Amino acid sequence: MAVKEQWRSGLGFVLAAAGSAVGLGNLWGFAYRASQGGGMVFLMLYLLIVVVVCLPLLVAEMALGRSTGRSPLVAPAVAGGRLWQPMGWLFVLVSFGILGFYVILMGWTGQTLLHALIHGLPQDKAIAQDFFDQIRGGQPAFLGQFLSLILTSLVVACGVQKGIERLSRWGLPLLFILLIGLAIWAAGLQGAHEGYRTFLLRWDANELLNPTTISNAFKQAFFSIGAGIGAILAYASYLDRRAHLPRESVLIVGMDTAVGLLAGMVTFPLVMSFGLADAVSKSTIGTLFITLPTGLSSLGMTGRLVAVLFFALAYIAAITSSVSLLEVPVASLMDRLGWTRVRAVCVSAVLTLLIGLPAVTGLPKLPGLSDAVSSLDVLGWMDSLFGGVLLILGGLFLTILLGWVAPSRLRNDLNGCNTPPALQRLLLVMLRWVSLPVVTIGVIISVIEFL
Ligand code: TRP
């Protein structure tokens, strides 16, 4: 077998992993979920879950990848025995499911970007809604899905160093610069404080018992960090022994959270200062693609420039994420069947396209259903199932595997990179006694919400 690929440097790995974390989840997902009314409770639960669940989980997932050196499909069985093989299948299935709708969102992003660039912005909300209705399904959506998938495939086909690492090295810093610039600009808008207050700072203790808010916080944490289905596991399998996993996890999680908050600081002032709060509180999946361009249109040329920058930034963020999702099946096929990277990419891309197709075409009226299902509903459903329930379930399994079944694997790996014993113990205790019960609650609530 060929020598296994490796990152060129530790920094390359961190940038790639942070690139995987930072994506449409931070921009589209954060705006979408934060606007469903949870306010400060949503924000705090999200941050809490990130710290007590996602952070230890990320270390565990990386340790599993690095210590086995295997793909997401094979690593669970290597660590836990044959009984854990289904977890590998779950990882691959969920990656396909998430990528299936993710590339469609990328398509919307690309279309909105091109429209702002070439034709300018919609004058009012009705026009914006019209435009979104045109691109959200059918041929335009398919075109966006198809092209985004091709771009993602090209990067992954170029390999770990020449594809993924190279893209993240310039993509991530550029994204940060653009986002900070936009957040500063948005802070100066008229309704900025109103916006922060309404969506992020409003405290309502009743929300603590609202299952929608709780499950939104779980989904947002898991999706945004991208932990739980082996994407980071795959990246870590190309990592050398020295990289200090706890430190890198903190870096990755920190960057991701910073981008999520910064994105909120851009979108919510905009929404408020242009009186679009109504549109958002209905919180359709399309919020970002409707309100942002509408709001910005009243600022003339400046607005158009900001829109172009924002959606370009979103697209860059998206592609550094979609490559990590595609890497899961690709690494698995290479590992399990000995396929070449290019062959694995082609087959995975075709499967992804097929899985996402119902979210482009919608579903016709089927015998068991009372009505035809719109493409948007299918997409929302895929987001809840793959990006919610099953993703969190993957996290639960990982916690059990590395916390209880194969803790020595975690310990040995952390020893290898000189993690202080006290920190190792802390991580294990967190994984066993904090993360596990909390994720269990997350799975239960998100299943109830889903049904
Ligand atoms: N984290 C990315 C985002 O916020 C999406 C993503 C990349 C992801 N890899 C993942 C989500 C793995 C879940 C699992 O857009």
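**View 1. Arg432 over the ring of Trp404.** In this predicted model, Arg432 lies over the face of Trp404, 4.3 Å from the ring centre. A charge counts as over a ring if NZ of Lys or CZ of Arg is within 6 Å of the ring centre and within 35 degrees of the ring normal. Arg343 is likewise placed over the face of Trp339, at 4.3 Å from the ring centre. Residues are numbered from 1 along each chain as its sequence is written, and side-chain values use heavy atoms, with hydrogens and water left out. Local features need pLDDT of at least 70 and side-chain atom pairs count only at pLDDT 80 or more, while totals for chains, interfaces and linings use all residues.

**View 2. Aromatic pairs, with Trp7 and Tyr238 as one of them.** Rings of Phe, Tyr and Trp (its six-membered ring) pair if their centres lie within 6.5 Å; planes under 30 degrees apart are stacked, over 60 edge-to-face, and the rest tilted. The count comes to 16 aromatic pairs. Trp7 and Tyr238 are edge-to-face, at 6.2 Å centre to centre with 75° between the planes. Trp7 belongs to the segment before α1 (10-21) and Tyr238 to the loop between α11 (231-236) and α12 (245-273), 231 residues apart. Helices are DSSP runs (H or I, at least four residues), numbered from the N terminus. Both Trp7 and Tyr238 are buried, where buried means under 20% relative accessible area, exposed over 50%, and partly exposed in between (1.4 Å probe, protein chains only).

**View 3. The pair of Trp404 and Trp433.** These two rings are edge-to-face, 5.3 Å centre to centre, with 90° between the planes. Trp404 sits in helix α18 (residues 375-405) and Trp433 in helix α20 (residues 421-450), 29 residues apart. Trp404 is partly exposed, at a relative accessible area of 37%, whereas Trp433 is exposed, at 56%.

**View 4. Helix α2 against helix α10.** The axes of α2 (residues 24-34) and α10 (residues 211-225) come within 10 Å and cross at roughly 175°. That makes α2 roughly antiparallel to α10, a term for angles over 145 degrees. Axes are lines fitted to C-alpha atoms over the stretch in contact, and angles run from 0 to 180 degrees between N-to-C directions. Contact (heavy atoms within 4.5 Å) involves residues including Gly25 and Phe30 of α2 and Asn216 and Phe223 of α10.

**View 5. Helix α2 against helix α5.** The axes of α2 and α5 (residues 85-118) come within 12 Å and cross at roughly 85°. Leu24, Gly25 and Trp28 in α2 meet Tyr102, Leu105, Met106 and Thr109 in α5.

Terms used. Helix = DSSP H or I, 4+ residues; strand = E, 2+ residues; numbered from the N terminus. Parallel < 35°, antiparallel > 145°, perpendicular 65-115°, else oblique.
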